[in-house]
Amino acid sequence: MNNTTSRQPDSGRQIIAGVDVGGTFTDLLIFDSSGSIVFGKTPTTVDNQAFGVMQALTNSAVSIDSINTIVHGTTTTTNAVLERKLARTGMITTRGFRDIIELGRRTRPQPYGMHGQFHPIIPRELRIEVSERIDASGEVLTDLDEQQLREGVTTLLDMGCESLVIHFLHAYANPLHERRAAEIAATLWPNRYITTGHSLLSEYREYERGVTACVNASVQPILDNYIDRLQQELKKSGYRDELLVMNGNGGMVSAAMVARESAKTVMSGPASGVMAAAYTAKRAGIKDIITYDMGGTSSDVALILDAIPSVSHELEIEYAMPIHVPMVDVRTIGSGGGSIASINDAGLLQVGPDSAGATPGPICYGRGGTEPTISDANLILGRLNDKALFSVDNTVSVNDIKKAIDVKIATPLDLSIDNAAGAILTIANNKMAGAVRMVSISRGHDPRDFALFAFGGAGPLHAVAIARELGIPKVLVPARPGITNALGCVVADVRHDFVNTINRPLDTLSDELITKTLDTQCIRGEQLVKEESIPIDNIQFVHSADMQFIGQTHLLSVPIEARTISCDALQKLFEQVYLKRFHVELKEIRANLVNLNTTVIGNRKALDLSQLIDPAGRRATLSEAQVATRPVWFDGNWCDTPIYQRDLLPIDALITGPAIVEQTDTTIVIEPACTASGDTDGNLIIEIQ
Amino acid sequence: MSHDSGSTGHPIDPITLAVIQSSLQQVCDEMDLSFSRAAFSPIIAEANDRSDGIYSADNGELIAQGALGLPVFVGTMQFSTRVLIEMIAAGDVASPEPGDIYIVNDPYLGGTHLMDVRFALPFYHNDEIFCWLSNTGHWPDIGGTVPGGFSANATAVEQEGLRLPPVKLFKRGVMDKEIYAIICSNIRVAEQRIGDVKAQSAALLVGQERLNRLIEKYGANTLKTAIAELKKRAARQMRQRLSDIDDGMYTGTALIDSDGVVNEPLTIQVNMKKTGSELHIDFNGSSPPCAGPMNSVLATTQSSVYLAMRHIFPDVPINAGAFDPLHITDPDDTFLYARYPRPVSGCAAEVSQRIAEAVFAALVPALPDRVPAAPAGTSGNFALGGYDPLKGSSYVMYQLSGGGYGGNHDHDGLTNGCSTIGISKTPPIEVMEQYFPVLYREYALREGSGGAGEHRGGFGIRYSIELRRGEATASFVMDHGRVGPQGVLGGADGEPNVVTVWRDGEPYTPPHFSKEQGIQIKAGDRVEVSTPGGGGFGDPAKRAKSAIENDLQKGYYTNEQITRDYP
């Protein structure tokens, strides 16, 4: 590569690159403040994602040494946890409680079927107890036995541990013993991979806090090595600044800081997509959206209210594996393009739960798949372009797919092949809509109050049908649905979240306690933001309280405007939120303040998205953007349907369905009677009829 | 657009049928979710001790039920809905009008225990009842001698709490404040109940709204045809599963430690005769009605069989059709068919699990690849009531706990699994210690408790709780203290439940093993409970060497235990 585009002397010009590693592809998006945007897509290198990242960067026309900022979304820690390829980690706990992370909260994987297995993230032989005890009020009942601690740490080292967790009961109320233990352990431990339970989240619940700490410790060396190597590679290629990494809270942190709280990266992949959705929709004037990211094996759904993605600190990455740090609340539903259609033994057509995944994948991938999937149905019905989809070797024909649908679905149900394929989509859309509705209802919202933001390779194929099923009036398809996560890296802000458990009745608290707690969170956050090397425009503080009525266990998040809020005012706010949420007025019952939360956001300079589709390539009229006409199956009939090329659409395009819009990263289906209009950022906004 | 096929009985296209099936399921799931989300009590909101469903207008049989409901309620409300319909027809209950909601908790009228309060709403279409929507919620208190209702030694239902026949709590959409006042005057912490009542009724209204939209979309007749067809198909599915079982007699037994009053074990004997695709089930040989609260009402006994079958065949949809091939003979003159005024508070939490265990035991030889060895199968209910001098208030604390699951065809049993009939989590120790004047000294995996086998049982837990301040009374309603969960096909039994109360350093074990009420303790005393391990599955001699080594390395068993159990 050459170095001709080295960094410009005029400090105003900024080049920002977002690189997101997905399951199949590594996506690159480079924003130049002088106006141009560059895209790249390279295959993900599974064993070491850094190769794919470097490949994506070197393949692009922009030289690495001209880039000011690189923001990276990685699934290194996600894969490490899901595949259990973790660093050998030891754990020190309060005497009597080393089995907490193995016993969990008394559950089973499925409501029905007394089967299932669970393997704790740290095996029992690497968990050692020491004498110490603190009670719920933070009072020390038994001093930390430092001699036992030293012996325990030494034993774990001898057993080959690379990383260490120290997790004591009630450390959220008083971290004294955990801090002292970490201090002593640090003198014995050969590296800095020591995680204390309270440092990631100062929240009660020993199982969840413990597992979170264990996840953190177990992926810390892995993430650290990975980021370190990538940094070196980037440096060799001339990148001068610090690498930034995406967190699960939708914000970014500098590479130097990311490993310390590596658990926060475990669910970062879907988070960046949601951040991009919030950013894009807000610019389009839409603030309440449900994001729908449909991929090959599953789909991710998130809610965005008033342009702010909902954050949860109660997510589980898999059965009994909670990671309780604040993360964008993304729920996964088990349907994707590879979901298999079959006839069950009641003689009914079902789609999923089995999936063909990426290998062998749908029949139409030509990789040996034999079971009809959602993608195959889309292809048969003309929704997907049969010429664009086939993999290189082109070993499968449309007839092969039709045959499979005929044998497995159409004949048993006594339907025509077309009707059978249509039925697959009907069932799939009904099921996906139901799952989206449940996500929305479980958070207390009616989906009809939202717009649907569709992305991922398959999201825009189904979005209109799903929206119609849900009574959602509007679908937004962004300019580049296939690289939404990479866009999220580029538009993300710097975010730090703080949670402090109070868990006491509101009327026993002083106003000062609230103010002081929030103040401390702000100061810590400001400090962290300043420690980062990331240029920001301004710092924003967002406060909330998690509250409940005494006697309840579920929490309600109450937004707080000012840090100086009084207990009385907070009580009133809570009652209002409760009434709005549950339509029940419960004035006579006392409120409990469980957590005080602050999110500190370092806002970065706004980016202009209008170049995502090159304006120069756009045509003046809709008919010039039409590349073909083909029959597409809608509502039981074939309709001759215009096919448009997305990049060619006039900026203010107005399309009446039926229509198909194709682009390299997705296909958009506009059903009959719906209308789609373009906007200045290149979004298509589809009104559902 | 309406797809209405015009008249009932007209064949329905398979696609519409599949869509209606999943839509009915979604209606119920949404009711479940709404109920939990809005409920005030943790037992409903967090422990999901509730269920919602749709029932036929003719005879109350189950049309669809929420997948998120507590497993113990599989099928129960079809009994209570049928009784309600019959009582209305007989003029014993006021006739329904649109907007009405009935409330009922009478165990003998198709119920469980008194704490499970059922609401039923007639769903109207064109001035006719199209179906019933009903839900059950476990109220945290319903009056009676013991807070929470789990008496270990009640001898009549009146001691267990307030019993409500079906009455209209809502009349034409408006709550009857007089009836509500009567209820509130008879239960503890009544001021919080309004939150649950509103949540429970609101969930039915959510169901009503969604069902209305379904009718709008497909038409009432199509919906009716689909419901009938879905019932047929579920029956066909269940029959297909049953056909895999060889014809013959299958019997299973499970023991209950005692009824809490008379210190003798109660026997559940289940006899299953499989012929063709039908399963005939009777309980001949089971113990007669008992004096204490371990009687089961008929609806709970039948539902427990359904529950066990659903654990075995989780993929068969729940509707009345799935129960069609299961023919259960009324267990007259046994404690599994309790009549007024027999006490029944133990039926939902404990007896139901023992019935499921007997069904599992019977069917293991028939379906060894599907049915596990016996799970711990008790809710492990320990209640501590007292006065905290520091906070100046009274409290009732519940510690529920799990145990080991039985080993199964594919792998070892799960450790600290939830009760067979539940899906709820236990609260964190850090929460318990904040709310109550107790200190946990230990909360650990109970080593050695899983029964040996090719696939061993999962482990129970051992906890030790010390009272820090004041005085309190401890009560226990648990089970599997006399014998451990049974191993199968050569596997060993899991360790039984053990309760020890340490008073002034002296151990005390309840004579009934797992049940006792009102044990006085004071500051410094401790309650220690070891919960059952699961039964082992298959011959221990076949256990993989690496698995045995792993058990040793993790300290699950001692060297001596390994030498003894895996010779």
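**Figure 1. Arrangement of the two domains of chain B in the predicted model.** The centres of domain 1 and domain 2 of chain B, taken over C-alpha atoms, are separated by 34 Å. Domain 1 spans residues 5–236 of chain B, and domain 2 spans residues 372–567. In the contact between them, domain 1 of chain B contributes 12 residues and domain 2 of chain B contributes 15 residues. The side of domain 1 of chain B that touches domain 2 of chain B comprises 7 nonpolar, 4 polar and 1 charged residues.

**Figure 2. The largest nonpolar core.** This core holds 351 residues, of which A:Ile424, A:Leu452, A:Phe453 and A:Val475 touch the most other members. Helix α7 of chain A (residues 206–236) provides the largest share of the core, with 13 residues. The core lies between domain 1 (5–236) and domain 2 (372–567) of chain B, because both domains give residues to it.

**Figure 3. The hairpin of strands β2 and β3 of chain A.** Strand β2 (residues 25–32) and strand β3 (residues 37–43) of chain A pair in the antiparallel sense, with 7 bridges between them. One of the residues in this pairing, A:Leu29, has A:Phe39 in β3(A) as its bridge partner. The hairpin has 4 residues between its strands, and A:Gly35 adopts a positive phi near 130°.

**Figure 4. The contact between chain A and chain B.** Chain B supplies 64 residues to this contact, and chain A supplies 59 residues. On the side of chain B that touches chain A, at least two residues come from each of the helices α1 (14–38), α2 (42–45), α5 (193–218), α6 (220–243), α7 (298–312) and α10 (429–435), and likewise from strand β14 (438–445). The largest share of this side, 14 residues, belongs to α1(B). By class, the side of chain B that touches chain A contains 27 nonpolar, 22 polar and 15 charged residues.

Technical notes
Residues are numbered from 1 along each chain as its sequence is written. Chains are lettered from A and ligands numbered from 1 in the order in which they are written. This is a predicted model: local features need pLDDT of at least 70, side-chain atom pairs count only at pLDDT 80 or more; totals for chains, interfaces and linings use all residues. A nonpolar core is a set of buried Ala, Val, Leu, Ile, Met, Phe, Trp, Tyr and Cys residues joined through C-beta atoms within 7 Å. A residue is buried if 20 or more other C-beta atoms lie within 10 Å of its own, exposed if 12 or fewer, and partly exposed in between; C-beta atoms are placed from the backbone. Domain bounds come from an automatic or database domain assignment. Two strands pair if DSSP finds at least two bridges between them. Two residues are in contact if their C-beta atoms, placed from the backbone, lie within 7 Å. Ala, Val, Leu, Ile, Met, Phe, Trp, Tyr, Cys and Pro count as nonpolar, Asp, Glu, Lys and Arg as charged, and the others, Gly among them, as polar.
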